[in-house]
Amino acid sequence: MADYVIAPPAIAAVPVRGGGSFPVRRIFCVGRNYAEHAREMGHDPDREAPFYFMKPADSMILDGGDMPYPPMTKDLHHEMELVVAVGAGGIDIAESDALKHVWGYCAGLDMTRRDLQGEAKKAGRPWDMGKGFDQSAPMGELMPAGSFDPSKGKIELRVNGQVRQSSDLAKLIWSVPEVIANLSRLVRLEAGDLIMTGTPEGVAAVVRGDVLEGMIEGVGTVRTRIV
Ligand code: MN
C-alpha cells in the first residue's frame, strides 16, 4: 500500500450490462466526425484529419442520473455519441486489428458549454472548460463488444420525446477502426480508455427540466435530466 498523503480518488467505472463494471482510465473525444455536424459548426469536413480533446474520467454521470446545469454557461448543448471502451492497449495499432482492442460500446453524451468552447476557439485557447467540466459525460450501460459491427446502426437523441439528432454510424467520417489506429499513433492506448467518437448534426441547447434520451441501435441507451 502506497503511503498516500491524502485519500486516493475513487476509480471511475461504467456499469456493464449483465453485471460488473468497467474501470475508466481516460476519456478521449473525437471532434467533428460527421460531415453534417462539421458543416453546422462552420467547417469543411473534407479537409480535416481527426483531432481529439479529453474529458476527465470522473466527469461521467451513470445509471441515468440527473445532470446539474453547469456554471458559467448560458448555452449548454447535447452531443449524442457512440462510445468505444478499449479493453487491450497498444501503440501503432493497425486498422485491421483495431476492433480486437475493443472491450465494448455504450451510448454517451458529450455535453458542451458551447459559449465557452466558442470563446476558446476564437481566442485560439484550449477547449477544456467548454468540454471537460464536472459531470459533462452522461454514459449508458456498457455492452460487451461481442459481434457488434460499429460500421452501421441508427444513432438518435430525443429531448422531451422530440427527435433532435438522428443519423447513422455509417456516416462517421473516421470509422471506429480508423480512430483507434490514428489515436494509437498519438498516444499509447490503454485498457480502460474510452473514446467518444463524435456527434451527428442537430446539436442544440438544453435547459433545466429537459429529459435527454439517446439510443444507438445494437448498443443501448443513455438518459439524463437537466436539473
Ligand atoms: Mn463531441
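Trainee: How are the donor residues of the manganese ion spaced in sequence?

Mentor: The pattern is E-x1-E-x28-D. Keep in mind that this is a predicted model.

Trainee: Which residues and atoms are those?

Mentor: E79 and E81 each coordinate through OE, and D110 through OD. The distances run from 2.0 to 2.1 Å. E81 and D110 link distant parts of the chain, 29 residues apart. E81 sits in strand β7, residues 80-86.

Trainee: And where does D110 sit?

Mentor: In the loop between β8 (102-109) and β9 (112-113).

Trainee: Is D110 buried or exposed?

Mentor: Buried, because its relative accessibility is 0% and the cut-off for buried is under 20%. E81 is also at 0% relative accessible area, so E81 counts as buried too.

Trainee: Which side chain makes a polar contact with the side chain of D110?

Mentor: That of K55, at 2.9 Å.

Trainee: What else is D110 in contact with, leaving aside its neighbours within four places in sequence?

Mentor: The list has the metal donors E79 and E81. It also has F53, K55, H77, H78, K131, S136 and M196.

Trainee: New topic: helix α2. Which of its residues are buried?

Mentor: R114, L116, Q117 and A120, in a helix that spans residues 114-123. Seen down the axis, the buried residues fall within an arc of 160 degrees, so they line one face of α2.

Trainee: What does the face turned away from that buried side carry?

Mentor: The exposed residues E119 and K122.

Trainee: And what covers the buried residues?

Mentor: The cover includes α1 (35-40), β6 (76-77), β9 and α3 (128-131).

Trainee: What happens just after α2?

Mentor: G124 takes a positive phi there, about 65 degrees.

Trainee: Now strand β3. Which way do its residues point?

Mentor: I27 and C29 point one way, F28 and V30 the other. All of them are buried.

Trainee: In what sense does β3 pair with β4?

Mentor: Antiparallel, over four bridges, with β4 at residues 52-55. F28 stands opposite M54 there.

Trainee: And with β14, parallel or antiparallel?

Mentor: Parallel, over three bridges. β14 covers residues 194-196.

Trainee: Which residue in β14 is the bridge partner of F28?

Mentor: I195. So F28 has M54 opposite in β4, and I195 as its bridge partner in β14.

Key:
Residues numbered from 1 in each chain as written. Predicted model: local features only at pLDDT ≥ 70, side-chain atom pairs only at ≥ 80, totals over all residues. Heavy atoms only, no water. Helix = DSSP H or I, 4+ residues; strand = E, 2+ residues; numbered from the N terminus. Buried < 20%, exposed > 50% of the residue type's maximum accessible area, 1.4 Å probe, protein only. Polar contact = N/O pair within 3.5 Å; in protein donor to acceptor, adjacent residues only side chain to side chain. Contact = heavy atoms within 4.5 Å. Arc of directions from axis to C-beta. Pairing = 2+ DSSP bridges. Donors = N, O, S within 2.8 Å, 3.2 Å for Na, K, Ca; no water.
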